[in-house]
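This report describes the fold of one chain and the surface on which a partner chain meets it.

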Amino acid sequence: MDPISGLALGFSQVFQPYNLAFLFLGVVLGLVIGVLPGLGGTSGVAILLPLTLFIHPNAAIMMLAGLYWGAVYGGVITSILFNIPGEPWSAVLVFDGHPLAKAGRAGLALTTAFVSSLFAAFVSNLLFTFFAVPLAEFALGFGPPEIFAIMLMAFATFVGIGEGASPLKTLIMIALGFLLGAVGLDLVTGQPRLTFGTITLLTGFNFVPITIGLFGIAELLVSAEEQAREKVEEIKARLGWHDLVAAVRELGRRLWLLIAAAAMGFWVGVMPGTGATPASFMGYGLARQYSRNPERFGKGAIEGVMAPQAAADAAGIGSLLPMVTLGVPGSPTAAVIMAGLFMWGLIPGPKLFQERPDFVWGLVGSLYVGHLIGFGLCILATPLLAAIMRVPYALLTPFIVMISILGAYAINNSLFDVWIVLIFGLVGYVLRKLKYPAAPLIVALVLGDPTESAFRQTLIMGHGSPAILFTRPISGPLMGVAILLFLLPLIRTVLTRRRAQVQQA
Amino acid sequence: MRRLPRTHHLELLVGAAFVVLALVLIRESVLLGAGWGSAGPQPGLFPLLSALVMGSSGLLVCAQAANHSSESSPFAERSELLEVVKVAAPMVAAVVLLPYLGFYMVTALYLGLFAVWYGRMPWYLVLPLGIAVAVVAFYAFEQGFKVLLPKSIFYGYFLPF
């Protein structure tokens, strides 16, 4: 199907009242989750994932993707007004957004972020629309070695350019994800694996309770610590028509920066493994590097709000592209959404375009409409959203815990899954404190089965030798990149040591 | 007063836990067969490789923690840890009570009591709120979505939840 008729099909899906209602609900929930500092977009998607079992997949994917965009917009509000990042990908907005707000230009800072987001979203949506089909068709020719090489590259990205996490801890979390995924019946021989003779473990670990625990509950516990610290300042903001005009004018003056940030963000998003958070920091770096007066950064430079937000939003959209076309999520949030696809009985990957065009193009259509909804709500309701920040933690916590329990239980009607949420929440708190990254575990858990089956088929094709991975025209270079990424931390350590030695001498 | 655990103690503990877990899983994988069988690679191969990565990385994490023990900071402030326990304990209680009191009663009690005890909110405001949320949830899930959630031990005797 060509992109234009695909898009037409997509919009006809989005504008069905049932789907539109769930898209709207997703964006609203995303905005609320984005504003709440104790709960991130990834946890939000994870907590709501089980509830999507009760609605049609086309509406479910729109709701979850809408939640992602809502969280991308919502995080902006807390970063700029309260100096607290509501989402990790909004953390960088604190540097320049909050100084702007303090200087009485909160309205301008917020509207600029929203307008940049919307603009970047449209650039990336166009890229998404026109790249999806060629990429999927290209991927149709992939055999197990190519698929395994791409999966390996996704994990190598975590190790090589993970978000400040120790490469060793990243490796541990990836391996733990694979091992948790391996528990249950072996996918080829049907033998019970790693079940230690118990019957409970025969069905394996479901990724949803683990994700809810590691992200949702662990995040709540980490933010419990912050309750022991002092309260935050708040700046009031009301967005007016003049702010919108001023923001569009600012944007027009820096159109190229914005297009560059969006294109870069989209690319970062498409790369397996990394998502909106690193993209936002890279967007900030880009803006500062090409600024005529970089000394203003950190004191309220409007580019410091514009470029990171554009890059973050573009990366969010980009991260869904490899998810639907290749079956490899581009970001942790995309990984959780992909878990949803499996749950609804869909297999992400190139064949999805042929088997379920209504689903794929509905998602593409909802990218456009969802962003417009998010933008509209932000412009109209920022003061209301900012008020959500003041909902007491003591009311919010039990509420989130009970929704998490409900979701975990509803998947299999099993109390075992509820215990999994709790255990992974408590363990996840300690791991988070020790800076073990949670995202690689989730991605490994979701990708465990596909990675293993690609691995085993590759070995069968190579008669027991993995050399076939390096000799095929597409998997060869991919393996090269993957190995380079795996070695990157080692190379970096050697270089720093050598530099230190030179300085000492 | 006992000293608080420092970060490197926990690093060592968690690293060692991963090593032990890896050893157990390596044994399981080898018992399962991690070589080449009639249908290609045996089921234990992939878990074996994963466990080897986990175990060796865990050892290195321990080594790093032992080397940098002098730079270690406290894992968390006492006041912070206290907050975490105060938030975590009711969560555990809610999960433990779930099979006895059922989802709806636990929701009402947890919401109400946590807000009174932790948030120091007036009980006459939050207890009704907890009950209201539970009632709304009951009608939404039992009747609306037809999701069957855990019931209390009183279910069927004189209570519909």
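How many helices and strands are there in chain B? Chain B has four helices and two strands, where helices (H or I, at least four residues) and strands (E, at least two) are DSSP runs numbered from the N terminus. The model is predicted: local features need pLDDT of at least 70 and side-chain atom pairs count only at pLDDT 80 or more, while totals for chains, interfaces and linings use all residues. Residues are numbered from 1 along each chain as its sequence is written, and chains are lettered from A and ligands numbered from 1 in the order in which they are written.

From the N terminus, the order of elements in chain B is α-β-β-α-α-α. The radius of gyration of chain B is 24 Å, well over the 15 Å of the globule rule for 161 residues, so chain B is more spread out than a compact globule; the radius is taken over C-alpha atoms, and the rule is 2.2 Å times the number of residues to the power 0.38. The C-alpha trace spans about 60 × 55 × 25 Å along its principal axes.

Contact between the chains involves 50 residues of chain A and 51 residues of chain B, a contact being two C-beta atoms, placed from the backbone, within 7 Å. On the side of chain A that touches chain B, H16(A) gives the most, with eleven residues.
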